Amino acid sequence: MATGAVVHTFTGSLADVDRGVYEELSVRVARHPSETDAYMVTRVLAYCLEHTEGIAFSEGLSSTEEPAVVVRDATGRLTGWIEVGAPDAARLHHGSKLAERTVVYTHRDPVKVMAPWAGKKIHEASAIVLHSFDPGFIDAAVGALERRNTLTVSVTERQLYLELNGATLSSAVHEHPVA
C-alpha cells in the first residue's frame, strides 16, 4: 500500500447482464495522495465493468510499470491491461504489446483524452477501446463516496446503474475506438 494512502472499502454486488457476470464484491482500494476521488471512482468502475477471474488493482500511481487494473491468468501471465484517466500513447503502446487486451476508462472528456494519441504509434490501436460515462455521472458518484461504501453495480445493454451508499445513478458506458 502506498505511503499516506487512504483506504476505501467497497462491498456489494455486480450484475453485468451483458457479459453474464454476477458476483458479490468486497474490495479495498488504496487511494494514493495524488489520486483524485474521480480517478478512484473510475478505477473502481473499471474493475467492476471488466470483472473476470484474475482481475486485481495494481500498485497504480505508485508504480509506473503497471496500469490501474490488471488481469492475470492462473500462470501469472498478463492478459488484461486496464488504464484509467488519460494515459499517454507510449503507455498504451507498451500495455498493448504486453497484454492480450488493452482498454481505457476515463472520467474526463474522451475527445480531449484521445487528441494527444492522434498520429502516435500505438500497438494494435484498432483493438483498444476508450470507455467514458455521461457528463456529471462520475462527479455525482464522488458526491456519494465514503470511506466504507456499499455499492450495487448493474449493467444491461451498456447502460450502467450504480447504487452507491443509497444514491442511485445511471450512465451509458460509451465506447470510443482508438483507431
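**Notes on the predicted model: sheet, helices and side-chain pairs**

1. Ten strands make up an open sheet with mixed pairing, and their order is 2-1-8-9-10-7-6-5-4-3. Strand 2 (21–31) and strand 3 are the edge strands, each pairing on one side only. On average, neighbouring strands of this sheet are turned by 25° against each other, with direction ignored. Bear in mind while reading on that this is a predicted model.

2. Next, a few strand pairs. Strand 1 (residues 6–16) runs parallel to strand 8 (residues 148–156), and eight bridges join the two.

3. How many of its five residues are buried? Four are, so strand 7 is largely enclosed by the rest of the structure. As a reminder for anyone looking at side chains here, in a regular strand they alternate between the two faces of the sheet.

4. Now the helices. Helix 1 lies across strand 1, strand 2, strand 3, strand 4, strand 5 (78–84), strand 6, strand 7, strand 8, strand 9 (159–164) and strand 10, and runs at about 150° to strand 2. Helix 2 (residues 89–98) packs on the sheet too, where it touches strand 5 and strand 6; the direction of helix 2 makes about 160° with that of strand 5.

5. On to the rings: there are three aromatic pairs in the structure. One of them is Tyr-47 with Phe-57, stacked at 4.6 Å centre to centre with 15° between the planes. This pair links distant parts of the chain, since Tyr-47 sits in helix 1 (residues 37–49) and Phe-57 in strand 3 (residues 55–57), ten residues apart. Is Tyr-47 buried or exposed? Tyr-47 is buried, because its relative accessible area is 10% and the cut-off for buried is under 20%.

6. A second pair is Tyr-105 with Phe-133. Their ring centres are 6.5 Å apart and their planes are at 25°, so the pair counts as stacked; the angle cut-off for that is under 30 degrees. Tyr-105 belongs to strand 6 (residues 101–105) and Phe-133 to strand 7 (residues 129–133), so the pair ties together parts 28 residues apart in sequence. Both Tyr-105 and Phe-133 are buried. Together with Phe-137, they form one aromatic cluster.

7. Charged side chains come next. The structure holds nine salt bridges. Among them is the one between Asp-16 and Arg-19, at 2.9 Å from N to O.

8. Last, the stretch around Ser-58 and Glu-66. Ser-58 lies in the loop between strand 3 and strand 4 (69–72). At 13% relative accessibility, Ser-58 counts as buried. Which residues does Ser-58 touch, not counting those up to four places away in sequence? The contacts are Glu-66, Pro-67, Ala-68, Val-69 and Val-70. Glu-66 also forms a salt bridge with Arg-72, whose closest N and O atoms are 2.7 Å apart. Arg-72 itself is partly exposed, with a relative accessibility of 31%.

Notes. Residues are numbered from 1 along each chain as its sequence is written. This is a predicted model: local features need pLDDT of at least 70, side-chain atom pairs count only at pLDDT 80 or more; totals for chains, interfaces and linings use all residues. Side-chain values use heavy atoms; hydrogens and water are left out. Rings of Phe, Tyr and Trp (its six-membered ring) pair if their centres lie within 6.5 Å; planes under 30 degrees apart count as stacked, over 60 as edge-to-face and the rest as tilted. Buried means under 20% relative accessible area, exposed over 50%, partly exposed in between (1.4 Å probe, protein chains only). Contact means heavy atoms within 4.5 Å. A salt bridge is a side-chain nitrogen of Lys or Arg within 4 Å of a carboxyl oxygen of Asp or Glu. Two strands pair if DSSP finds at least two bridges between them. Axes are lines fitted to C-alpha atoms, for helices over the stretch in contact, and angles run from 0 to 180 degrees between N-to-C directions.
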